[in-house]
Amino acid sequence: MSNSIYFDDTVVVITGVDSGTPGCKAAGRPRAADMEARARNLLETAECLFLEKGYSKVSLKMIAREAHVAVRTIYVKFSGKAGLFNAVLAAGRSRYFNIGDMGTDMRPLEQILSDFGLRYLRLVSMPKIVSLRRMVIAEAHTNPEMAITYNQAGPGQTKKFLIRFFERADIKINFQDDIPADTLAIHFLNCIQGDPEYSLLFEKKIEPTDTELQHKVTLGLNLFNGTVR
(Lines give C-alpha, C1' and ligand atoms only; values in the text may rest on other atoms or scores of the structure.)
Protein backbone atom coordinates (compact mmCIF):
# COMPACT_ATOMS: atom_id res chain seq x y z
CA MET A 1 0.00 0.00 0.00
CA SER A 2 1.09 3.61 -0.33
CA ASN A 3 0.56 6.66 1.82
CA SER A 4 0.82 10.33 0.87
CA ILE A 5 2.24 12.47 3.65
CA TYR A 6 3.38 16.09 3.95
CA PHE A 7 6.90 17.14 4.81
CA ASP A 8 7.26 20.91 4.94
CA ASP A 9 4.22 21.24 2.65
CA THR A 10 5.65 18.78 0.16
CA VAL A 11 3.81 15.59 -0.70
CA VAL A 12 5.97 12.50 -0.38
CA VAL A 13 4.56 9.17 -1.49
CA ILE A 14 5.84 6.21 0.49
CA THR A 15 5.13 2.84 -1.05
CA GLY A 16 4.72 -0.36 0.90
CA VAL A 17 4.64 1.27 4.34
CA ASP A 18 1.92 0.59 6.88
CA SER A 19 2.32 2.65 10.03
CA GLY A 20 0.43 0.01 11.96
CA THR A 21 2.77 -2.80 11.03
CA PRO A 22 5.17 -3.81 13.82
CA GLY A 23 8.80 -3.11 13.04
CA CYS A 24 8.08 -0.27 10.63
CA LYS A 25 10.12 2.80 11.44
CA ALA A 26 8.22 6.07 11.54
CA ALA A 27 9.24 8.58 8.91
CA GLY A 28 11.03 11.64 10.19
CA ARG A 29 11.58 15.04 8.65
CA PRO A 30 13.32 15.01 5.25
CA ARG A 31 17.01 15.71 5.19
CA ALA A 32 18.22 19.14 4.09
CA ALA A 33 19.78 17.60 0.97
CA ASP A 34 16.47 15.97 0.05
CA MET A 35 14.56 19.21 0.51
CA GLU A 36 17.10 21.07 -1.62
CA ALA A 37 16.80 18.44 -4.35
CA ARG A 38 13.02 18.71 -4.33
CA ALA A 39 13.16 22.50 -4.54
CA ARG A 40 15.64 22.31 -7.42
CA ASN A 41 13.45 19.76 -9.21
CA LEU A 42 10.41 22.00 -8.81
CA LEU A 43 12.20 24.99 -10.33
CA GLU A 44 13.65 22.93 -13.18
CA THR A 45 10.25 21.41 -13.91
CA ALA A 46 8.59 24.81 -13.95
CA GLU A 47 11.31 26.19 -16.23
CA CYS A 48 10.89 23.34 -18.73
CA LEU A 49 7.11 23.71 -18.81
CA PHE A 50 7.24 27.50 -19.23
CA LEU A 51 9.67 27.18 -22.15
CA GLU A 52 7.81 24.28 -23.74
CA LYS A 53 4.23 25.50 -23.45
CA GLY A 54 4.44 29.23 -22.66
CA TYR A 55 3.68 31.01 -19.43
CA SER A 56 -0.07 31.42 -19.94
CA LYS A 57 -0.66 27.76 -20.83
CA VAL A 58 1.07 26.38 -17.74
CA SER A 59 -0.97 26.03 -14.57
CA LEU A 60 0.26 25.44 -11.03
CA LYS A 61 -1.62 22.16 -11.07
CA MET A 62 0.35 21.05 -14.12
CA ILE A 63 3.67 22.05 -12.51
CA ALA A 64 2.78 20.36 -9.23
CA ARG A 65 1.84 17.14 -11.01
CA GLU A 66 5.06 17.00 -13.02
CA ALA A 67 7.25 17.92 -10.02
CA HIS A 68 5.40 15.56 -7.64
CA VAL A 69 4.52 18.22 -5.10
CA ALA A 70 1.26 19.66 -3.78
CA VAL A 71 -0.18 22.79 -5.36
CA ARG A 72 -0.34 24.36 -1.90
CA THR A 73 3.43 23.87 -1.61
CA ILE A 74 3.90 26.31 -4.48
CA TYR A 75 1.50 28.80 -2.91
CA VAL A 76 3.18 28.56 0.48
CA LYS A 77 6.71 28.93 -0.86
CA PHE A 78 6.17 31.25 -3.83
CA SER A 79 2.72 32.87 -3.40
CA GLY A 80 1.62 31.72 -6.84
CA LYS A 81 2.80 31.41 -10.43
CA ALA A 82 4.46 34.83 -10.68
CA GLY A 83 6.47 34.13 -7.54
CA LEU A 84 7.52 30.74 -8.89
CA PHE A 85 8.51 32.32 -12.21
CA ASN A 86 10.60 34.86 -10.30
CA ALA A 87 12.34 32.01 -8.44
CA VAL A 88 13.04 30.24 -11.74
CA LEU A 89 14.63 33.41 -13.12
CA ALA A 90 16.66 34.00 -9.95
CA ALA A 91 17.95 30.42 -9.96
CA GLY A 92 18.96 30.69 -13.61
CA ARG A 93 20.69 33.99 -13.02
CA SER A 94 22.64 32.56 -10.11
CA ARG A 95 23.62 29.52 -12.16
CA TYR A 96 24.56 31.20 -15.43
CA PHE A 97 25.34 34.84 -14.61
CA ASN A 98 27.12 35.00 -11.25
CA ILE A 99 29.13 38.19 -11.74
CA GLY A 100 30.16 38.81 -8.14
CA ASP A 101 30.28 42.24 -6.54
CA MET A 102 31.13 44.92 -9.09
CA GLY A 103 30.99 47.51 -6.33
CA THR A 104 34.27 46.25 -4.87
CA ASP A 105 35.99 44.94 -8.00
CA MET A 106 39.28 46.85 -8.20
CA ARG A 107 40.54 45.48 -11.51
CA PRO A 108 41.18 47.92 -14.37
CA LEU A 109 37.99 49.36 -15.88
CA GLU A 110 38.47 47.76 -19.29
CA GLN A 111 39.00 44.33 -17.75
CA ILE A 112 35.87 44.58 -15.62
CA LEU A 113 33.69 45.67 -18.53
CA SER A 114 35.17 43.09 -20.89
CA ASP A 115 34.57 40.29 -18.39
CA PHE A 116 31.03 41.48 -17.73
CA GLY A 117 30.33 41.79 -21.45
CA LEU A 118 31.52 38.26 -22.20
CA ARG A 119 29.44 36.78 -19.37
CA TYR A 120 26.42 38.75 -20.52
CA LEU A 121 26.73 37.63 -24.15
CA ARG A 122 27.18 34.02 -23.08
CA LEU A 123 23.92 34.32 -21.15
CA VAL A 124 21.78 35.97 -23.83
CA SER A 125 23.16 33.63 -26.52
CA MET A 126 21.98 30.49 -24.71
CA PRO A 127 19.10 28.83 -26.62
CA LYS A 128 16.94 28.59 -23.50
CA ILE A 129 17.42 32.31 -22.77
CA VAL A 130 16.54 33.20 -26.36
CA SER A 131 13.40 31.04 -26.02
CA LEU A 132 12.56 32.71 -22.74
CA ARG A 133 12.85 36.20 -24.20
CA ARG A 134 10.67 35.19 -27.15
CA MET A 135 8.03 33.86 -24.76
CA VAL A 136 8.04 37.03 -22.66
CA ILE A 137 7.74 39.31 -25.69
CA ALA A 138 4.93 37.19 -27.17
CA GLU A 139 2.89 37.15 -23.95
CA ALA A 140 3.72 40.51 -22.36
CA HIS A 141 0.55 42.23 -23.58
CA THR A 142 -1.71 39.53 -22.13
CA ASN A 143 0.37 38.80 -19.02
CA PRO A 144 1.75 42.12 -17.73
CA GLU A 145 2.52 40.55 -14.32
CA MET A 146 4.77 38.01 -16.03
CA ALA A 147 6.50 40.77 -18.03
CA ILE A 148 7.08 42.85 -14.90
CA THR A 149 8.44 39.82 -13.03
CA TYR A 150 10.80 39.01 -15.91
CA ASN A 151 12.08 42.57 -16.15
CA GLN A 152 12.65 42.89 -12.40
CA ALA A 153 14.43 39.55 -12.03
CA GLY A 154 16.29 39.63 -15.35
CA PRO A 155 17.19 42.74 -17.38
CA GLY A 156 16.32 45.03 -14.48
CA GLN A 157 18.84 43.32 -12.22
CA THR A 158 21.53 43.56 -14.89
CA LYS A 159 20.94 47.31 -15.25
CA LYS A 160 21.02 47.79 -11.47
CA PHE A 161 24.41 46.06 -11.27
CA LEU A 162 25.80 48.29 -14.00
CA ILE A 163 24.27 51.49 -12.61
CA ARG A 164 25.83 50.88 -9.20
CA PHE A 165 29.13 50.20 -10.92
CA PHE A 166 29.05 53.38 -13.02
CA GLU A 167 28.11 55.39 -9.91
CA ARG A 168 31.36 54.46 -8.17
CA ALA A 169 33.46 57.59 -7.68
CA ASP A 170 36.59 55.94 -9.11
CA ILE A 171 34.65 54.77 -12.18
CA LYS A 172 32.57 57.90 -12.78
CA ILE A 173 35.66 60.05 -13.39
CA ASN A 174 36.44 58.01 -16.51
CA PHE A 175 33.33 59.23 -18.34
CA GLN A 176 31.79 62.49 -19.46
CA ASP A 177 30.35 64.40 -16.49
CA ASP A 178 26.92 65.02 -18.04
CA ILE A 179 26.09 61.36 -18.73
CA PRO A 180 24.00 59.74 -15.94
CA ALA A 181 24.92 56.27 -14.70
CA ASP A 182 21.66 54.74 -15.94
CA THR A 183 22.33 56.06 -19.45
CA LEU A 184 25.84 54.59 -19.36
CA ALA A 185 24.42 51.22 -18.31
CA ILE A 186 21.86 51.07 -21.11
CA HIS A 187 24.31 52.37 -23.72
CA PHE A 188 26.92 49.81 -22.67
CA LEU A 189 24.45 46.91 -23.03
CA ASN A 190 23.31 48.20 -26.43
CA CYS A 191 26.91 48.47 -27.66
CA ILE A 192 27.73 44.96 -26.45
CA GLN A 193 24.72 43.03 -27.70
CA GLY A 194 24.33 44.83 -31.02
CA ASP A 195 21.09 43.78 -32.72
CA PRO A 196 19.11 41.71 -30.18
CA GLU A 197 16.06 41.51 -32.44
CA TYR A 198 17.97 39.39 -34.96
CA SER A 199 18.58 36.59 -32.46
CA LEU A 200 14.92 36.68 -31.44
CA LEU A 201 13.66 36.50 -35.02
CA PHE A 202 16.04 33.93 -36.46
CA GLU A 203 17.13 30.61 -34.99
CA LYS A 204 20.88 30.04 -34.82
CA LYS A 205 21.98 26.52 -35.63
CA ILE A 206 25.20 26.76 -33.60
CA GLU A 207 25.89 28.72 -30.44
CA PRO A 208 28.70 31.28 -30.87
CA THR A 209 32.08 30.35 -29.45
CA ASP A 210 33.81 32.32 -26.71
CA THR A 211 36.26 33.60 -29.32
CA GLU A 212 33.40 34.99 -31.41
CA LEU A 213 31.71 36.48 -28.36
CA GLN A 214 34.93 38.08 -27.14
CA HIS A 215 35.44 39.67 -30.55
CA LYS A 216 31.93 41.09 -30.33
CA VAL A 217 32.64 42.40 -26.83
CA THR A 218 35.85 44.09 -28.02
CA LEU A 219 34.01 45.83 -30.86
CA GLY A 220 31.22 46.87 -28.50
CA LEU A 221 33.66 48.25 -25.95
CA ASN A 222 35.45 50.27 -28.60
CA LEU A 223 32.13 51.77 -29.68
CA PHE A 224 31.13 52.45 -26.07
CA ASN A 225 34.41 54.11 -25.14
CA GLY A 226 34.41 56.18 -28.28
CA THR A 227 31.07 57.78 -27.45
CA VAL A 228 31.11 58.36 -23.69
CA ARG A 229 34.73 59.03 -22.66
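Student: What makes E47 buried rather than exposed?

Tutor: Its relative accessible area is 14%. Buried means under 20%, exposed means over 50%, and partly exposed lies in between (1.4 Å probe, protein chains only). So E47 counts as buried, with its 14%. A word on the source: this is a predicted model, where local features need pLDDT of at least 70, side-chain atom pairs count only at pLDDT 80 or more, and totals for chains, interfaces and linings use all residues. Residues are numbered from 1 along each chain as its sequence is written, and side-chain values use heavy atoms, with hydrogens and water left out.

Student: Why is the contact between E47 and R95 called a salt bridge?

Tutor: A salt bridge is a side-chain nitrogen of Lys or Arg within 4 Å of a carboxyl oxygen of Asp or Glu. The side chains of E47 and R95 meet at 3.6 Å, N to O.

Student: Which parts does the pair tie together?

Tutor: E47 lies in helix α1 and R95 in helix α4, so the pair links parts 48 residues apart in sequence. Helices here are DSSP runs (H or I, at least four residues), numbered from the N terminus; strands are E runs of at least two.

Student: What is the relative accessible area of R95?

Tutor: R95 has 43%. That is between 20% and 50%, so R95 is partly exposed.

Student: How do you know that R119 and D115 form a salt bridge?

Tutor: Their closest N and O atoms are 3.1 Å apart. That is within 4 Å, so the pair qualifies. Both residues lie in helix α5, four residues apart, about one turn of the helix.

Student: How far apart are the closest N and O atoms of R107 and D115?

Tutor: They are 3.5 Å apart, in a salt bridge. D115 is partly exposed, at 27% relative accessibility. R107 is partly exposed too, with 31%.

Student: Which residues are linked in a network of salt bridges?

Tutor: D105, R107, D115 and R119 are linked in this way. A search of the whole structure finds 10 salt bridges.

Student: What classes of residue make up the lining of the largest pocket?

Tutor: There are 19 nonpolar, six polar and five charged residues. Ala, Val, Leu, Ile, Met, Phe, Trp, Tyr, Cys and Pro count as nonpolar; Asp, Glu, Lys and Arg as charged; the others, Gly among them, as polar.
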